[in-house]
Amino acid sequence: MTKISKKDFKDIVAGIGFLLPNICGFLAFIAGPLIISLAMAFTNWNLELHNVFKTEPIKFVGFGNFIKLLTEPDFFRYLGNTLFFMMGIPFGIGGSLCSALLLSKNFRGGSRRVWGMVIVTVMLIVSLGALVITGLGGTAMTMLICGLVGVILLSGSIGGQTIYRTLFYFPYFTAGVATFILWKKLYSPDTGPINNALKPLLNFAGPRLAAIPPWGAHLCSGILILLLAAIFIYAAWRKFLLWRDGESGTLSLLIGLVVLSTPVIFSCFWSQFKSVSFLFPALLIMVGIFIVYALLSGREHQCPLDRGMANAIVICGAAMIFIFILLGLSNVVYVLPQLASDGLEPPQWIADYYWAKPSLMLMGFWGAIGSNNMLLYLAGLSGVSQELYEAADIDGASPFQRFWHVTWPQLANVTFFILVMSVIGGLQGGFEMARTMTQGGPAGATTTLSYYIYTEGFATGRLGYASAVAWTLFALIFAVTAFNWKFGNRYTNE
Amino acid sequence: MFKKYGTFSKVAKLLSLNIALALIAATLVLPFTWMILASVKTLEEIGLDSWLPRIFQWNNYADVFNVKGIMFGRWYWNSIFVASWVTFLQVFTSSLAAFSFSRLKWKGRDKVFLMYLGTMMLPGLVMMIPNYQNMIRFGLINTYPGLILPAAFSAFGTFLMRQFMMNIPHSLDEAAEIDGASKWELYWNVILPLSRPAIVTLTIFSFMGNYNSMFWPLVMMKSPDKYTLPIGMLAFDSSQGQQTNLLMAAVAMSVIPMILIFVLMQKQLVKGIMLGGVKG
Amino acid sequence: MAEVILKNICKIYDGGVLAVNNVNLHIRDREFMVLVGPSGCGKSTTLRMVAGLEEITSGQIKIGERVINDVPPKDRDIAMVFQNYALYPHMTVYDNMAFGLKLRKFKKADIDKRVREAADILGIHEYLHRRPKALSGGQRQRVAVGRAIVRKPEAFLFDEPLSNLDAKMRVQMRAEISKLHTQLETTMIYVTHDQIEAMTMGDRICVMKDGLIQQVDDPLTLYDNPANAFVAGFIGTPPMNFFRGMIIARDGKLVFHEETMEIPLLDEWKEKLEPYIDKKIIFGARPEDIGSEQAEKEPNSPKIKAQIEVAEPMGSETYLYLSTGTQSFIARVEAHKKARVGDKIELSIYLPKAHIFDSNTEKLIV
């Protein structure tokens, strides 16, 4: 400890002086409550037992709350819900990346005025054409949508990037109770516009789907499963190559494999997807062959066990989500003709146990396309040196190669930052949607951990237990942050 | 006309790009379009296929203020009142802290700052329950101060302002010191006016954040006349949820301040997001 | 108006770096003192200690009769002009100049009078209500000087004020600051890394290196009688040529000996050079003393043979970059002297103006 001189002391007093209001606030609203909440997590404080009428002393129950939380199914169920919602994160990030890529292009060509004229012309031709196709005097809806697109095209060609950026950003910055209520109405099963639009489509598709012979459905389902296997093998192979070249540690290889395998393992033990349980032995065999092959072929370079951990999580995680979706699709396709035989009904959206989560995720996607992430990506894109693109052009890169070898690596920093922030946000998220739209239902299908804490802490009054859940959530978030600290920099520098 | 702008394929590329952008934008805006159109329908027209009302019922907007038990105007005012106070306090405390963290040199400063940043990571949920109990104890339940005070300190705001203040040249401090400015005068006369872009950004962020905030007002505010807009909208939805047209009019009105702020302050906001997003 | 006295000043930074090493400097009343040296030599640190922006590790600084070690900058009665001007971007020129006075609670009328006075001196009247952003570099610099003037301090401190300006502007401002000094008759301390600035502006120049003062003298003394090889090399462009070699005694005469050249030395130097016989020394001669008319005229001038590697005609004169094979040097010759690259020529050295330095300590011998 260096000694503190008189001047240092004066400086510290000045420095702390400016911090004084913050320190007070910090103590009163963060540090204090934090300690209280930690203490509460170990008590049986329950408003039903301890209130003005019943003044039983609050008892210290040790790890009782945590044991209860880990042994009862509720916590894991809601954790599962939270993680399920978080599967939307890559799509949101992808969406915002796509919109940023589109926006970063020079879509105005040359001068404004002439372009405006071109676009107005095209707009008129398109909307006239639409009217002709639908038979003059077609539905007002067609005109409405044509008009909307036309107005946007026009204002876009006049206002340029700012207009599109604003429109893209619209859903995100208005997100809140108001837009949730709006979506609740959009999703309304009987009177909502979504189902209104779907009904004719489904009436059209229903009989045709029902006509598909069972073998056709099986074939489609089989193709999807093969696709799934292909993704699995591709991701595993990539990981193996990295491992062989010493770019990825053994531990991260194994974790990558575990992540890749989760969808199959999960669905084989989950009642909904029992029909694919035959995949389980296939998975075991595949992983077995893979490990044996890896052991036999050996590695060319050694490296620390945990090297490439972030890469493993990111790449395998993305593959995992696709596998999940393909798995679900193949199941749906498998039974589709059967379902369609009675005529297809539009889904009940947030009122349906199975549709509730995807509905909310869809809404989340709507808000995520033009979010802050898009703006971050736009900034990142403008930071990519033009010379790199020119060099890639001279090297003869195709547009896709240009993206994959220049843009994407240059954006790795931004992507990782966004991913970590989204994961941290996702773990704490879901409360507002659940409270506004579904009350956590149906049957707890949309109850996330944050909504769970709310119901336990503020509705049922089990303060001790709610605190324990909150602290467990905190531990999860801390783990993500620690992961970011440990592996984040290495990933972005690779 | 095309010749000036290159080959046909170039024009086609530009057109398709424009159309793609317009289609995405249209899809994203579609829910809002429905919202506006539904808000001027009669209740009977809501469930119909056609999005367009037969007659535009603009008086729906006025009717929102007259629904029994729905104090829409009052909630509007409450929201703006609370959000303004929170914003003012946040900007004040954050700029003070950021000044200390960026312009003053004192032993242990950076350690304290790291700790401060650490609180950004704490999930607010952990503190909610004890905070609520404390509010009960101090009788602040269902009061404005109870709503405003816990939100008046923002680690994010401090971070944002500090990032900005770090870029103000240090020689200005020295010039001010030689000019005879005390630390407070340096803060008030030099650094604060120069931080205007950051202040504007933080103002937008914190105003929008608090205008939209739901959890804390939901648990704190018990009587309808104290509701903020989000809580009011919840109450509206649960008590008069069948009146979709009025509800949509209310939704539309409640997002207006945000849209206004965004459109007016777009440039500052975008800059601010970059500033906050760049990892420090 | 006051003298500034630095007594045994040391500055040690937190990392243990010794930035200023036992500096003693007496700056006289109304003197224009220039601190010059390569970057990192401690000149700015010294100035900042005078200003009160850096703590003094040890030693004592006096302005006038006051010891100001623990006096905060605002009470030291000094004003400072910064390298990047440090104008408050959100204030007008007028407010920038008035800020220091406002903080000192001057009366409004008084402030106005002083600002206008300063604006008159500097010719910035028209810009008073503009923001610094709308001004050019030279104008900003003038405002920065103006901000210093209005305070009427006992001493002005300049911290490399011209280095952000373009070459032309720099020459102009150089003259203006010199003019200002005669006009205001105030003590000025001026820090620069540019030896031309130092030479043209300073009443006296203090050359620093590695935190140590090398020499304090008026410009011409510094040029003609540098205390050591560093000062000799630092002052003057192109720099002094150094030839490393030995002194040997031959036929009772002393000769500078090097593989490719031999220079018989002057007899007056004998006494001082005696101890260095058969030892390594550095022979120094300025470019203008090699091959110059004066040197060629002097019949006893020693000659060196060298090959021209580069010739730079400057118009008024020509710089020749020459090589003897082991030594490279520069000669400043008459502009129209015939010289082609690759030619071998013979040049005389004007000995009375040459110097000899100790090879180890680099101190001047003669």
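In this predicted model, the secondary structure of chain C amounts to 10 helices and 19 strands, where helices (H or I, at least four residues) and strands (E, at least two) are DSSP runs numbered from the N terminus. The C-alpha trace of chain C spans about 80 × 45 × 35 Å along its principal axes. Of its 366 residues, 42% count as buried; a residue is buried if 20 or more other C-beta atoms, placed from the backbone, lie within 10 Å of its own, exposed if 12 or fewer, and partly exposed in between. Among contacts in chain C between residues at least 6 apart in sequence, 66% join residues at least 24 apart, a contact being a pair of residues whose C-beta atoms, placed from the backbone, lie within 7 Å.

Residues are numbered from 1 along each chain as its sequence is written, and chains are lettered from A and ligands numbered from 1 in the order in which they are written. Local features need pLDDT of at least 70 and side-chain atom pairs count only at pLDDT 80 or more, whereas totals for chains, interfaces and linings use all residues.

The contact between chains B and A takes 78 residues from chain B and 83 residues from chain A. On the chain B side, the largest share, 18 residues, comes from α1(B). By class, this side has 56 nonpolar, 14 polar and eight charged residues (Ala, Val, Leu, Ile, Met, Phe, Trp, Tyr, Cys and Pro count as nonpolar, Asp, Glu, Lys and Arg as charged, and the others, Gly among them, as polar).

The largest nonpolar core has 265 residues; such a core is a set of buried Ala, Val, Leu, Ile, Met, Phe, Trp, Tyr and Cys residues joined through C-beta atoms within 7 Å. Residues with the most contacts inside this core include A:V469, B:A25 and C:L157. B:A25 touches A:I152, A:Y164, A:L167 and A:F168, not counting residues up to four places away in sequence. A second, separate core of 26 residues includes A:A235, A:C316, A:M320 and A:V333.

An automatic or database assignment divides chain A into domain 1 (107-207) and domain 2 (214-346). Six residues of domain 1 of chain A are in contact with four residues of domain 2 of chain A.

In chain B, B:P53 lies in the loop between α1 (8-39) and α2 (59-63). B:P53 is partly exposed because 18 other C-beta atoms lie within 10 Å. Leaving aside residues up to four places away in sequence, B:P53 touches B:L37, B:V40, B:K41 and B:E45. B:P53 and B:K41 are 12 residues apart in sequence and 5.1 Å apart in space, C-alpha to C-alpha.

Conventions: Two residues are in contact if their C-beta atoms, placed from the backbone, lie within 7 Å.
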